[in-house]
Amino acid sequence: MARLRSISLGALVFSMTAVAAGQGAETRTPMEIVRESNEAITAILGEYDPLGSEGEALVYEVMDGVTDFQEMSAATINDLCGENEIPGEKCGEWKKVFGDLLRIRSIKGVGRYRADSFDYLNEEIAGERAVVNTLAHYEDEEVTIDYELASRGDGWVIVNYVIDDVDTSYSYNRRFGRLLDDDTVDDVIQLLLDRIEDFRAE
Amino acid sequence: MRPRSVQRAVVVGLIAGLTVPGPGDLLAQQAEEPARRSFGLAAVVAKVVDANPLVRAHRLDSQRAQIDVDQLEGFWALPQVSFNSLSGVVPAARGNVVDSPDTANDLDNLGPFYNFSVNVVFPLYTFGRLEHGAAAARNIVTARNAEGDKARDDLSLQAIMAYWGVLAGEEYVDLFTEMNDSYDDLIVQAEEKVETNAIDLNDAFEIKSARFDVEALLLRAVQVERVVRRSLGEFLDLQPGEQYDLREAGTPEVKLTLEDLGRLQTIASSRHPQVRALKAVVNALDETMEIERSNRWPVILVGGGFGWARSPNRDSQDNPFVFDEFNYTRVAAAFNVRWDLNFARHDLNYMRRKLERDATESRRRALQMKINIEVHEALEAVLMQQQLLASARESRRESRRWLRTAADDFDLGIGEAQPLIKAYQADYRLQATVIQSEYDLNVALASLALVIGDMHSYLTWIADGQVALD
């Protein structure tokens, strides 16, 4: 039975990543992308407890297929580079490191912050951007999670989250702004690298 | 700068520690426990009211008052009907009044005698005494019922307060248990970090010295929940130590405003049990005034009787003018007019009743004024509690956002430990405030329902999930 579940789970993840890579028969809507990725991750978490390296690899496949962490990082950092006159090369390094951190954290924290279930409420598409409104059900509370997506070729990818009316990208932006009041951008990059190492060691 | 990885380990431990027992643990617990009874709010109120001896006493009072009505209204219950019988021995008597071998002083030749009589007296026309008497009795029944309703409403309020008290207690216990568990994890991790010099010893002392406050909150919550739960169990007439569950009702959405005050006061004037009781007493006194007016007129009665007597050793006397108390058969019917002509006393009795009635009516008006004020106060309390709850929920939403943002920053290595701990403290405090505010609002609504004399509407509000006037 466990073997059968693994096969079906593998098929689900494969279909998610294959379709995300543009090999699907037809383009999925932003809401379908969000829903299917959430269902795939829930299935993985149900199968692998604790997640382990095999489960993490599957989550990476799903996440990478539907999320642009570098775009999320760039949206957070771009204006800070201009305001603080950070050279382009250093700014690029910062964005790359922060994007990597967001990616690894999305895996390491996936079990801890996972909602029990989701209601998919609405989808708004405006040109190259889209927003999917969801309601996440935790054990004793409900939280709105709005996924912001951007068009990429013939598909959509998640580029930001608004959780409980808090814009994640904006929140990181403000936090980095405060850090740069006291620290240099190299200090900040080092913080992020330290954290990546911590996550890898977990 | 304090090593961020160490701070992170401590605080992430705090976050990760916020867990509840898994489903497996709960199932194992349930398997060991006997079946527990479960009550919703309506069932709690119904059971508390039904089981209470005071309510039973009021019910019996009402039944007793109803008997007076039945007597005055019932045709067969109204007449005076009497049966009288006598039997014994008597000396023999032969012959008749002019020729007898016996004398009045003879005591020999004893023989049996027996007689009986049935008499009926029925009021034929009372000039309204019976009708007004019955109406007064009906109003007394209404008053007794209203007094019973008041007792039921008071008990219902107690039951409702206990119900919400137990639910709030459970939520407090859950919240503070979670908080305690998290704090225990934090202390363990802090001690480990002190051993590896990862955090300052003073920081560990600070964390451990606050342990009492966290534990005290839980101990108080457990004790209060236990006391309230046991009190409700006694209210529910459960066996000592019998465990039970409450089915949780949601706090309703309040759609009342101050503009509803007039309608609520109108409802109270017609439904408040004490007002209803006094209205009924006033009506009863109106009827007694009418009875006093009727007393100026006579009462016409009709009566009838049948008598039969036999004594075998005494000769029966056929002469109808001879009174023979041992051998006879009699049938009689008659009209009777009784008239108390002391009109001065009737007038005094009438004035006595009228003054009594007017005084009671004044008391009813005074009560109505008092209740109008109480309705206003109760509505204001509901509206205030509604605002406090909305504010507490909004603040809790903000603390949740603060906590999430602080935890997110910290998890990414770009946040500090102290803001995260402060966010946790604020979030716990506000969760407790929300629990208290929900309890206060639900009790304020029950108090409003009590003062308008409509506890049934309260149960409807809770069942419907909203408070609105029809």
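Helices here are DSSP runs of H or I with at least four residues, strands are E runs of at least two, and both are numbered from the N terminus. On that basis, chain A has 7 helices and 5 strands.

Quick housekeeping. This is a predicted model: local features need pLDDT of at least 70, side-chain atom pairs count only at pLDDT 80 or more, and totals for chains, interfaces and linings use all residues. Residues are numbered from 1 along each chain as its sequence is written, with chains lettered from A and ligands numbered from 1 in written order.

Chain A, then. Its pattern along the sequence is α-α-α-α-α-β-β-β-β-β-α-α. Of its 202 residues, 29% are buried, meaning 20 or more other C-beta atoms, placed from the backbone, lie within 10 Å of a residue's own.

Next, the cores. A nonpolar core is a set of buried Ala, Val, Leu, Ile, Met, Phe, Trp, Tyr and Cys residues joined through C-beta atoms within 7 Å. The largest one has 72 residues, and Ala159(B), Tyr163(B), Leu445(B) and Leu448(B) have the most contacts inside it. H5(B) gives the most to this core: 22 residues. A second, separate core has 39 residues, among them Met72(A) and Trp156(A).

Last, the interface. Contact means C-beta atoms, placed from the backbone, within 7 Å. 17 residues of chain A contact 14 residues of chain B. On the chain A side, helices H5 (88-108), H6 (168-182) and H7 (185-201) each give two or more residues. H7(A) gives the most, with 5 residues.

Note on methods
A residue is buried if 20 or more other C-beta atoms lie within 10 Å of its own, exposed if 12 or fewer, and partly exposed in between; C-beta atoms are placed from the backbone. Two residues are in contact if their C-beta atoms, placed from the backbone, lie within 7 Å.
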